[in-house]
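Here's a quick tour for anyone opening this structure for the first time. Have a look at it, then read on.

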Amino acid sequence: MEERPAAEAGAVIVTRALTKRYRGGQLAVDGLDLTVPAGSVFGFLGPNGSGKTTTIRMLMGLIEPTSGSARVLGHPVPRGARAVLPRVGALIEGPALYGFLTGRDNLLRYDAADPTADPRTRRTRVADALERVGLAAAAGRKAKAYSLGMKQRLGLAAALLQPRALLVLDEPTNGLDPQGMREIRSLIRELASDGTTVFLSSHLLDEIEQVCTHVAVMARGRLLTQGPVAELAAGTRGRLVVTTPDTADAARVLKEQGAGDIAVADGDRVDAEPPDRDLAEVSAALVRAGVRVRGFAVERASLEDAFVALTGEGFDVAG
Amino acid sequence: MSRAEPGVRPGAGHGEAGARPAAEAGADAGPRASGPVGTVAGPPRGPGPLWTLGLFRSELLTTFRRWRTLALLGVLAAVPVLVGIAVRIETGDGPAGGGGHGDGPAFISQITNNGLFLVFTALAATLPFFLPMAIGVVAGDAIAGEASAGTLRYLLVAPAGRTRLLLTKYATTTAFCLVATLVVAVSALTTGALLFPLGELTTISGTRIGFGEGLLRALLIALVVAASLIGVAALGLFVSTLTNSGIAAMATTVGLLITVQILDQIPQLQAIQPYFFSHYWLSFADLMRDPVYWDDLLRNLGIQAVYAAVFGSAAWARFTTRDVTA
Ligand SMILES: Nc1ncnc2c1ncn2[C@@H]1O[C@H](COP(=O)(O)OP(=O)(O)OP(=O)(O)O)[C@@H](O)[C@H]1O
Ligand SMILES: [Mg+2]
């Protein structure tokens, strides 16, 4: 497995045959080879129970791999965890807070836990982090009085106490309202443009599509694929969609024009695999045949299509 | 990256607050794309030597801001007040106050002559159960409570470091032993001074000592009582590393405490009783002898040291290797 040194030189996370079997026998992660390039926003995608959180726990040194190895920012984990973790911000399986402390005091405590965090700048950094996630106004309230979304924001603030080289976010938009989700996405883009690598786990396909440059897809503890988002989506061809009241005629014309896999759906929609010719000709042919065309478009393959194409099944929890 | 920061003097150091890490992490996140990641090995930053104590300070603050901790201390403070008032009412009816029975030394009969004896009585009354129970709760909750709240994983990725976190937890629990004991002693001294006369006192050996020396011995006794709790603290901390439930750890520790106290009363078990952490607890009364009788006192401290070493190591072995999934 030594054939990829070029790609791995600039990688922030590299795992080799990383495997975790929990006590009790559950094989949660199975031979994972992951390479996260520096500067990427890396989407880690998979259905519930596919091993995303387990992988993140191993990367953060919280659990010991059963076999295989992992390096984060060039250090082996869990052995070198203490050396790397000050430069890593993490949100793992939702936020965890001291309910009897205020939001601000929660952050002060987490910051005090980091022996490399400068106590002289602690208060300023905490205030900045609170500001950044839009919690400044609620900073003095007890965390137990926070809503789910506010807790999530406070958890994110804890990850942003220091400028980080790597952010590991396990389902960061969980529990947020649409406005909050948008804010988090723009925050992620902003951090990424500052050079922070973001490793983002999610089971929300469109979330990954919107913010990520790279993606890896997990299912049942195994890695199905990884690479730039565009490549993955490109691997699955788009569909030609014609909206028309004359579905039968449209289907016939499309067939004559060489389209494959034609499907007529709910009343006024025909979709097909686009033929290998200029689509302008196809639309002209439709019009010539007297088909009343309301819409004519190629729908880009989504990650969801890619995922279904990869797994040959839906986005369901593995047994 | 390994740019050590020599003068960690407060003040003008780095101009804008928070700018220091920004300059570093921000700067090296980008170029890393081209250069090998391996070059960033070595100490990540140049932290000041005292920064690591920030966690201890935070731990103390967090512990003593918990409502539960304050409630425990409140109960401990109330015990001497109740004992003092009871003795006062009892002796108000007639001078023939009972005395003699119960918790080891017969300090209680002397309280009416000298309020200082309320300190000894209160410590003797709380040491068998109230004090160790309070320690058991705090120690049992130390790691398991963080695990059940999920805050443990965030402390560990901060990164607190497992050994450092455990040491901090143990130091805080020990500090709580001292604070709890002092709360009992100070509450007893205040109550005693308010309800009874103060002055010279008679030692168990029958000699008379001045009030000043009496106070000194009371302080010494409080310290010995606090030290007597170190074994329970280590035991509780070990239990705390075994589970992800704070409640379970507290209950187990307190349960063990009660079990050992009961076994310590069964005559058939005499052979093993000297190894119980509570066996020599009441030896603190020997500090009220003249001259002081040291044998049992030292045995007690020795036992506590052994418990601290054994269960401290066990806690360390467990905590530094376990999976933190909660
Ligand atoms: N502490 C644990 N002990 C035993 N098995 C576990 C533990 N945590 C997770 N598992 C199992 O490991 C597998 C992977 O779980 P994991 O939490 O990594 O999934 P995930 O991809 O994060 O899912 P989700 O999207 O629901 O968060 C699951 O089958 C789960 O049942
Ligand atoms: Mg998960």
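Two strands pair if DSSP finds at least two bridges between them. Helices (H or I, at least four residues) and strands (E, at least two) are DSSP runs, numbered from the N terminus. With that in hand, strand 7 and strand 8 of chain A pair in the parallel sense, over four bridges.

Before going further, some housekeeping. This is a predicted model, where local features need pLDDT of at least 70, side-chain atom pairs count only at pLDDT 80 or more, and totals for chains, interfaces and linings use all residues. Residues are numbered from 1 along each chain as its sequence is written, chains are lettered from A and ligands numbered from 1 in the order in which they are written, and side-chain values use heavy atoms, with hydrogens and water left out.

**The sheet in chain A**

- Six strands of chain A make an open sheet with mixed pairing, in the order 7-8-9-4-10-11.
- Strand 7 (88–91) and strand 11 of chain A sit at the edges with a single partner strand each, so one side of each has no neighbour in the sheet.
- From one strand to the next, the twist averages 10 degrees (axes are lines fitted to C-alpha atoms, and angles run from 0 to 180 degrees between N-to-C directions).
- Buried means under 20% relative accessible area, exposed over 50%, and partly exposed in between (1.4 Å probe, protein chains only).

**Around ligand 1**

- Ligand 1 lies between chains A and B.
- It is surrounded by 15 residues, and the closest are A:Asn48, A:Gly49, A:Lys52, A:Thr53 and A:Thr54. A residue counts as near if one of its heavy atoms lies within 4 Å.
- Helix 2 (residues 52–59) of chain A gives the largest share of this shell, with four residues.
- By type, the shell splits into three nonpolar, nine polar and three charged residues. Ala, Val, Leu, Ile, Met, Phe, Trp, Tyr, Cys and Pro count as nonpolar, Asp, Glu, Lys and Arg as charged, and the others, Gly among them, as polar.
- For polar contacts with the ligand, look for pairs of N or O atoms within 3.5 Å. A side-chain N or O atom of A:Lys52 is 2.8 Å from an oxygen atom of ligand 1, and a backbone N or O atom of A:Ser50 lies 3.2 Å from one.
- A polar side-chain atom of A:Glu171 also lies 3.2 Å from an oxygen atom of ligand 1.
- On its own, ligand 1 has 630 Å² of accessible area, and the protein covers 69% of that (Shrake-Rupley method, 1.4 Å probe).

- A:Glu171 has a positive phi of about 50 degrees although it isn't a glycine. Its loop runs between strand 8 (166–170) and helix 7 (178–193) of chain A, and A:Glu171 is buried at 18% relative accessible area.
- A:Arg220, another residue other than glycine, has a positive phi near 50 degrees. A:Arg220 lies in the loop between strand 10 (214–219) and strand 11 (222–228) of chain A, and counts as exposed at 52% relative accessibility.
- The peptide bond from A:Val77 to A:Pro78 is cis, with omega near 5 degrees. A:Pro78 is in the loop between strand 6 (75–77) and helix 3 (81–84) of chain A.

Methods:
A polar contact is a pair of N or O atoms within 3.5 Å; within protein, one must be able to donate a hydrogen and the other to accept it, and residues adjacent in sequence count only if both atoms are side-chain atoms.
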